[in-house]
Amino acid sequence: MSTLSLRLPDSLHDQVRELAAAEGVSINQFLALAAAEKVSALRTAEYLRQRGARGDRAAFDAVLDRVPAAEPDPADRIEQ
C-alpha cells in the first residue's frame, strides 16, 4: 500500500470530513473509495468508446431485421 500526501482546500476537507463521518468511515477510506469510483468510471467510459468503435451498424441492423414484429408483453408496455 502507498502513502499519499494530499492538499485540499479547507472547505473541501471539511466536507470530506463530514461525509466520511456520516458514512461511518475514516477520511482515508472515504477518499480511497472516491478515487476507486472515479477510476472505474473513467475506465468504463474508455472501454465503451473502444467497443463502440468496433461496432458495425450494418451488422446491427441485420440482426434487428431478423427479430419478428410482435406486440410487447403486457408487462413491458408503457402506458401514456
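This is a predicted model: local features need pLDDT of at least 70, side-chain atom pairs count only at pLDDT 80 or more; totals for chains, interfaces and linings use all residues.
Local features are reported at pLDDT of at least 70 and side-chain atom pairs only at pLDDT 80 or more, whereas totals for chains, interfaces and linings use all residues. Residues are numbered from 1 along each chain as its sequence is written, and side-chain values use heavy atoms, with hydrogens and water left out.

The secondary structure of the chain consists of three helices and zero strands, and its elements run α-α-α from the N terminus on. Here helices (H or I, at least four residues) and strands (E, at least two) are DSSP runs, numbered from the N terminus. Helix H1 spans residues 10–23, and its 14 residues reach 20 Å from the first C-alpha to the last, close to the 20 Å expected at 1.5 Å a residue; the expected span is 1.5 Å times one less than the number of residues. Gly 24 follows H1 and has a positive phi, near 75°. Helix H2 covers residues 27–53, and helix H3 covers residues 57–65.

The overall dimensions can be considered next. The chain has a radius of gyration of 23 Å, whereas a compact globule of 80 residues would have one near 12 Å. This radius is taken over C-alpha atoms, and the globule rule is 2.2 Å times the number of residues to the power 0.38. Along the principal axes, the C-alpha atoms fill a box of roughly 60 × 35 × 25 Å.

Buried residues make up 2% of the 80 residues in the chain, where buried means under 20% relative accessible area, exposed over 50%, and partly exposed in between (1.4 Å probe, protein chains only). The accessible surface of the chain is about 7700 Å², of which 55% belongs to carbon and sulfur atoms; such areas come from the Shrake-Rupley method with a 1.4 Å probe, and for residues only the protein chains shown count as cover. Leu 12, in helix H1, is partly exposed because its relative accessible area is 38%.

Phe 60, Leu 64 and Val 67 make a nonpolar surface patch of about 290 Å². Patches are made of residues with over 30% relative accessible area and no salt bridge, with like charges joined within 9 Å and nonpolar side chains (Val, Leu, Ile, Met, Phe, Trp, Tyr) within 5 Å. Leu 64 lies in helix H3 and counts as partly exposed, because its relative accessibility is 44%.

Side chains of opposite charge can pair when their charged atoms come close. The structure holds four salt bridges, each a side-chain nitrogen of Lys or Arg within 4 Å of a carboxyl oxygen of Asp or Glu. Among them, Arg 49 and Glu 46 meet at 3.2 Å, N to O; both lie in helix H2, three residues apart, about one turn of the helix. Arg 49 is exposed at 53%, whereas Glu 46 is partly exposed at 35%.

In helix H3, Arg 57 and Asp 61 lie four residues apart, about one turn of the helix, and their closest N and O atoms are 3.3 Å apart in a salt bridge. Arg 57 is exposed at 60%, while Asp 61 is partly exposed at 30%. Glu 71 also forms a salt bridge, with Arg 77, at 3.7 Å between the closest N and O atoms. Glu 71 counts as exposed at 64%, and Arg 77 as partly exposed at 38%.
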